[in-house]
Amino acid sequence: MNEFGIEMDVNITLVAEAVSSARLANKHQVIDKLAELLAEVYDLKAEEISEGLEQREALGSTGFGKGIAIPHCRSADVRRPTLAVLKLEEPIDFGAADAMPVSLFFALVSPENAGATHLHALAAISRITRDDSRLQKMHDAPDGDALFAILTNQFLRDAA
């Protein structure tokens with residue numbers, strides 16, 4: 001643990017306050033909510049994060065299938081990859097690779113020059129969603145607290 005909370009997979013910072021649930025209607029609302037969550041919890045600039053996430057989405061959807069998306073961007077205001085997680089009450093179209101609606105969003109903000117560290121963080125997030133049983137537990141989590149417990153338990157197990 002550090003001053004931010006749980007260090008996941010050695011490279012990713014996530015605190016309980018950065019895991020939330022909401023009812024939102026579209027991609028733009030999700031991006032804005034993720035940016036607000038990251039800004040509020042980690043003292044970042046919401047507008048900058050929202051713009052970074054939107055720019056990345058303009059290159060192609062970060063929805064990779066199975067109801068999961070990993071919107072991500074870079075910021076000079078973080079020292080290590082930093083994560084917020086949002087679970088929607090109802091899935092939305094996010095332009096995912098499998099054309100399925102998305103309900104779990106892992107928003108990652110990495111340092112500007114993170115390079116391989118950013119890729120390792122994306123891979124770590126991807127790894128925790130591979131197991132269908134674990135993924136179902138995340139989709140079924142009733143709230144942010146339950147989802148945080150599932151995530152931290154898994155990240156800590158992977159890091160061991």
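Helices and strands are here DSSP runs, of at least four residues for helices and at least two for strands, numbered from the N terminus. In this predicted model, the protein chain has five helices and eight strands, and along the sequence these elements follow the pattern β-β-β-α-α-β-β-β-β-β-α-α-α. Among contacts with a separation of 6 or more, 68% join residues 24 or more positions apart.

The overall values for the protein chain are set out below.

| Property | Value |
|---|---|
| Buried share of the 160 residues | 49% |
| Accessible surface | about 7800 Å² |
| Share of that surface from carbon and sulfur atoms | 49% |

In soluble globular proteins, nonpolar side chains tend to be buried together. The largest nonpolar core of this model has 48 residues, and L14, V30, F105 and F106 are those with the most contacts inside it. Leaving aside residues up to four places away in sequence, F106 touches I68, A69, I70, P71, L83, A84, V85, I125, I128, T129, M138 and L151.

One of these partners of F106, M138, lies in helix α4, which spans residues 132-140 and in which R134, L135 and M138 are buried. Viewed down the axis of α4, the buried residues fall within an arc of 100°, so they line one face of the helix. The exposed residues D132, K137 and D140 are carried on the face of α4 that is turned away from its buried side. At the start of α4, the backbone nitrogen of S133 has a side-chain oxygen of D131 within 3.2 Å.

Methods:
Residues numbered from 1 in each chain as written. Predicted model: local features only at pLDDT ≥ 70, side-chain atom pairs only at ≥ 80, totals over all residues. Heavy atoms only, no water. Buried < 20%, exposed > 50% of the residue type's maximum accessible area, 1.4 Å probe, protein only. Contact = heavy atoms within 4.5 Å. Areas by Shrake-Rupley, 256 points an atom, 1.4 Å probe, with all protein chains shown as cover. Core = buried A, V, L, I, M, F, W, Y, C linked by side-chain atoms within 4.5 Å. Arc of directions from axis to C-beta. Polar contact = N/O pair within 3.5 Å; in protein donor to acceptor, adjacent residues only side chain to side chain.
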